[in-house]
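Below is a short briefing on one protein model. It covers a helix, a pocket and the charged pairs.

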Amino acid sequence: MHDAGPGARTLTVVRQEDSLGAGRDLEFGLELLARAKAGGIGPTLRLYRPAPTVAFGQRDTRLPGFEAAAQACRDNGFEPLVRRAGGRAAAYHEGTLVVDHIEPDPDAIAGSKTRFGYFGELFAQALRTAGVKAAVGEIPGEYCPGEFSVHGTDPADTSHRVKLVGTAQRVVAGGWLFSSVIVVENSASIRKVLTDSYAALGLDWDPATAGAVNDLVPGLDVEAVADAVLQTYAGHATLKTAAFSSLGA
């Protein structure tokens, strides 16, 4: 077992049925990280469908077009937020699945780099379980580019690849939060808001790289992908479930 993953530990799975609101959803993940660091919770997996959000990276805020980009998000029905992690703007909505993996870890910093590769492959495996031809690696022109993005290949056109999963990590002394966003449904609205906001920021990208799972495998929905994620996790850890109310959001 890779030391970046959950190992033989028990992982508590919590399904958040409703968004707490764009800003609150992000902040709650950080609150769970603080609790894990303090010993208040053990290894936890939180799954939820977020409200329409564009999460900008810190670098984006320093560009002269940032305010115009934020307004473009609002005009498209997405709330602009600034995340504490790096990277460029990423968009998500109710047709995506957010997976927050939180762990207390006395040596959290040591595994921070290898964690990206571990979880990239885990989510690629989950999508393959759901029938998607998925692999790990940045594709040219993708939004919020990352070495360990997960992309899918169009079975009807193998030259066409789309980004399906983006990841971000927050590491503190005593714990880590690894957050992954899987785009499952309704890629059109994500393409539109990213096109408008990236234009305002003056950033180049290829809108054809923004896609969703059900663009490649019609009929797949968020619940089917969530099931595949948990099935894959079950091969890496012992899972137990708990009510979302147990987290006291």
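**Salt bridges, a helix and a pocket**

Glu-121 is partly exposed, with a relative accessible area of 36%. The model is predicted, and a search of the whole structure finds nine salt bridges. One of them joins the side chains of Glu-121 and Arg-128, at 2.4 Å from N to O.

**Salt bridges with partly exposed partners**

- Arg-128, the partner of Glu-121, is itself partly exposed, at 38% relative accessible area.
- Arg-24 pairs with Glu-31, and their closest N and O atoms are 2.4 Å apart.
- Arg-24 has a relative accessibility of 31% and therefore counts as partly exposed, the limits being 20% and 50%.
- Glu-31 is also partly exposed, with 30% relative accessibility.

- Arg-115 and Asp-105 form a salt bridge through their side chains, with an N to O distance of 3.9 Å.
- This pair links distant parts of the chain, as Arg-115 lies in helix H3 (residues 112–129) and Asp-105 in strand S6, ten residues apart.
- Arg-115 is buried, with 2% relative accessible area.
- Asp-105 has a relative accessible area of 19% and so still counts as buried, for which the value must be under 20%.

**Asp-25 and its network**

- Asp-25 belongs to a network of salt bridges together with Arg-46 and Asp-100.
- Asp-25 is buried, at 1% relative accessible area, and sits in helix H1, which covers residues 22–37.
- Beyond the neighbours within four places in sequence, the contacts of Asp-25 are Gln-16, Ser-19, Leu-20, Arg-46, Tyr-48, Pro-50 and Ala-51.

**Helix H1**

- H1 has 16 residues and spans 24 Å from first to last C-alpha, close to the 22 Å expected at 1.5 Å a residue.
- The buried residues of H1 include Ala-22, Phe-28, Gly-29, Leu-32, Leu-33 and Ala-36, along with Asp-25.
- Gly-39 follows H1 and has a positive phi, near 85 degrees.

**The largest pocket**

- The largest pocket holds about 740 Å³ of space.
- Its lining has 39 residues, and those nearest the centre are Arg-83, Ala-85, Thr-167, Ala-168 and Ser-179.
- Elements that give two or more residues to this lining are H1 and the strands S2 (44–48), S4 (79–82), S5 (90–92), S6 (96–105), S9 (157–172) and S10 (174–183).
- By class, the lining of the largest pocket comprises 20 nonpolar, ten polar and nine charged residues.

Notes:
Residues are numbered from 1 along each chain as its sequence is written. This is a predicted model: local features need pLDDT of at least 70, side-chain atom pairs count only at pLDDT 80 or more; totals for chains, interfaces and linings use all residues. Side-chain values use heavy atoms; hydrogens and water are left out. Helices (H or I, at least four residues) and strands (E, at least two) are DSSP runs, numbered from the N terminus. Buried means under 20% relative accessible area, exposed over 50%, partly exposed in between (1.4 Å probe, protein chains only). Contact means heavy atoms within 4.5 Å. The expected span of a helix is 1.5 Å times one less than its number of residues. On a 1 Å grid over the protein atoms alone, a cavity is a set of points where a 1.4 Å probe fits but cannot get out, and a pocket is an open set with protein on both sides within 12 Å along at least five of seven lines; lining residues have an atom within 4 Å of a point. Grid points are joined across faces, edges and corners, and a volume is the space filled by probe spheres set on the points. Ala, Val, Leu, Ile, Met, Phe, Trp, Tyr, Cys and Pro count as nonpolar, Asp, Glu, Lys and Arg as charged, and the others, Gly among them, as polar. A salt bridge is a side-chain nitrogen of Lys or Arg within 4 Å of a carboxyl oxygen of Asp or Glu.
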